[in-house]
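This report describes selected parts of one protein model.

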Amino acid sequence: MPQNKVVIIDYGSQVTQLIARRVREAGVYSEIHSCAAAVEQVAAAEPAALILSGGPASVGESDAPALDPGLLALNVPVLGICYGMQLLAENLGGKLAKSSTREYGPADLSLTSQCALWDGIDGPTRVWMSHGDKVLSPPPGFTVTGRTAALGIAAMADEERKMYAVQFHPEVHHSAAGQTMLRNFLFKAAGLVPDWNMASFVERAVREMKERIGGKHVVCALSGGIDSTVVAVLLHRAIGKNLHCIFVDNGLLRSGEADEVADCLRAHFDLNLTVVQAEERFLSRLKNVEDPERKRKIIGHAFIEIFDEEAKKLPLADFLAQGTLYPDVIESISHKGPSAVIKSHHNVGGLPEKMRLKLVEPLRELFKDEVRKVAEELGLPDFIVWRHPFPGPGLAIRVLGEVTRERLDILRRADSIVQQELRESGWYRKVWQGFAVLLPLRTVGVMGDGRTYEHVVALRIVDSVDAMTADWSRIPPDVIARISARIINEVNGVNRVVYDVSSKPPSTIEWE
Ligand code: XMP
């Protein structure tokens, strides 16, 4: 673990994850702890500084989360943001003013007195506000360090105790000098040293796994996506041939995908890899099934069954490797609790319980963009580093209605045109995800002199940063035109292509 760790206490703000990312971008490792976590848990993390996040509550209301005084007794530099500022004020003897209205949007911050946070910043500077209540008088020992037209106390600090507070959100891009302020907090106020980068991460992860696993064996399910591939390559560095990777070819993959992934991993990394051909098993179970949730469940169960059979052939295995990422971890610890299940996502969860394997999750600390950096650090080829996310149930949830080999083949041909054209036009790297969907209906068309009555393919191409929200990509019409013309000309059985112009929410990225 890096020496310079910042713990962010989450009071339920929508942008707490952003604080964590900004701190990491500054080269300091950060993790988020729920405001409901015990002080002992935070202390055990040995933070070198604390950041108190914003939150939707109003300090002092019956179920509003409180600031545990034990956190301040840790005696490390503290930055309170928005609700975090109000908590500091309330706890240290300042006064708050309740408000029934919210100030939301940009404001110009005047820097009214010197503060480590303002180093190198000229006021007034544009900041982003989103708050109801405000601080009316600062606690003893604090100086007012900034104000706006609407707020007499927009920032305050007690340099002696290294406590800082801002009413606005420095973590959002709209706060022009926000990243400088955060860096000033980390480096000028708290005196931290940036020691979080992907090279040091790789070195530490490999060392820790080596120590933990020793001479034991590990099984790892490879999906061909970046997360499980990075997990496998890291583990391979740590334990070499004691790693056993299993890749299930379920017949629901994109054209050429199974070979591409297996060849790459064998050629570049000399991995111990078993490819299980299971197309027949998956397709026979999906026969006559149209309901999306049933498809997902059937595929999930078949996968676990196969994985179980394969792992039994490896009696020496004590560990199961998984590509769990940090957002999955915080999702379950967040103040707000786990978000509602919209679709049952198929991951290998549930396996270890059944198989009594211990978990190895080397990516638990990372955000998706950091996994990409690790992948580059490990020398993975671009086509894996920049591969679009692909759902566990594969093309089964993109063939709407019944999944048959014939319909999968039509979709595969259409989809590979989408992939090729996105790559050739330079749009592949600019969008989050782009793919084809085969609709369960046919429409009339005319080809040559004849009437046709054939399938419809929908193009789904979206922009997103984390798949939680997404918008349809504004791809140039000529690129869409080329994709459409090629699909209709080259894929037998398709006579119409449509472009999906829905955002998430209320739609989802996948159609099923
Ligand atoms: P939705 O459709 O929920 O998708 O907006 C969000 C992101 O998750 C991917 N996705 C899945 N990934 N197993 C996965 O591993 C699944 O069952 C699954 N379903 C959707 C989807 O491709 C998008 O990136």
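Contact here means heavy atoms within 4.5 Å. The model is a predicted one.

**The sheet and its helices**

Helix 7 (residues 226-239) lies across strand 12, strand 13, strand 15 and strand 16, and runs at about 160° to strand 12. These strands belong to an open sheet of 5 strands with parallel pairing, in the order 14-13-12-15-16. Strand 14 (273-277) and strand 16 (358-360) each have a single partner strand and stand at the edges, so one side of each has no neighbour in the sheet. From one strand to the next, the twist averages 30°.

At one end of that order, strand 13 (residues 243-249) pairs with strand 14 in the parallel sense over 5 bridges. Within this pair, Phe-247 stands opposite Val-275 in strand 14. Helix 6 (residues 198-213) also packs on the sheet, where it touches strand 12 (217-222), strand 15 (317-321) and strand 16. The direction of helix 6 makes about 165° with that of strand 16.

| Element | Partner | Angle |
|---|---|---|
| Helix 6 | Strand 16 | about 165° |
| Helix 15 | Helix 16 | about 150° |

**A helix pair**

Helix 15 (residues 405-424) packs against helix 16 (residues 477-490) at an angle of about 150°, and their axes are 10 Å apart. Angles over 145 degrees count as roughly antiparallel, so helix 15 is roughly antiparallel to helix 16. The crossing of helix 15 and helix 16 is right-handed. Helix 15 contributes Ala-414, Ile-417, Val-418, Gln-420 and Glu-421 to the contact, while helix 16 contributes Arg-482, Ile-483, Arg-486, Ile-487 and Glu-490. An α-helix has 3.6 residues a turn, so residues three or four places apart point the same way.

**Helix 1**

In helix 1 (residues 16-25), the buried residues are Thr-16, Ile-19, Ala-20, Arg-22, Val-23 and Arg-24.

**Asp-500**

Is Asp-500 buried or exposed? The relative accessible area of Asp-500 is 9%, and buried means under 20%, so Asp-500 is buried. Asp-500 is found in the segment after strand 20 (494-499). Leaving out residues up to four places away in sequence, Asp-500 touches Leu-459, Arg-460, Trp-472 and Trp-511. With Arg-460 there is also a polar contact between the two side chains, at 3.2 Å.

Terms used:
Residues are numbered from 1 along each chain as its sequence is written. This is a predicted model: local features need pLDDT of at least 70, side-chain atom pairs count only at pLDDT 80 or more; totals for chains, interfaces and linings use all residues. Side-chain values use heavy atoms; hydrogens and water are left out. Helices (H or I, at least four residues) and strands (E, at least two) are DSSP runs, numbered from the N terminus. Buried means under 20% relative accessible area, exposed over 50%, partly exposed in between (1.4 Å probe, protein chains only). A polar contact is a pair of N or O atoms within 3.5 Å; within protein, one must be able to donate a hydrogen and the other to accept it, and residues adjacent in sequence count only if both atoms are side-chain atoms. Two strands pair if DSSP finds at least two bridges between them. Axes are lines fitted to C-alpha atoms, for helices over the stretch in contact, and angles run from 0 to 180 degrees between N-to-C directions. Angles under 35 degrees count as roughly parallel, over 145 as roughly antiparallel, 65 to 115 as roughly perpendicular and the rest as oblique. A crossing is left-handed if the near helix is turned anticlockwise from the far one by less than a right angle, and right-handed if clockwise.
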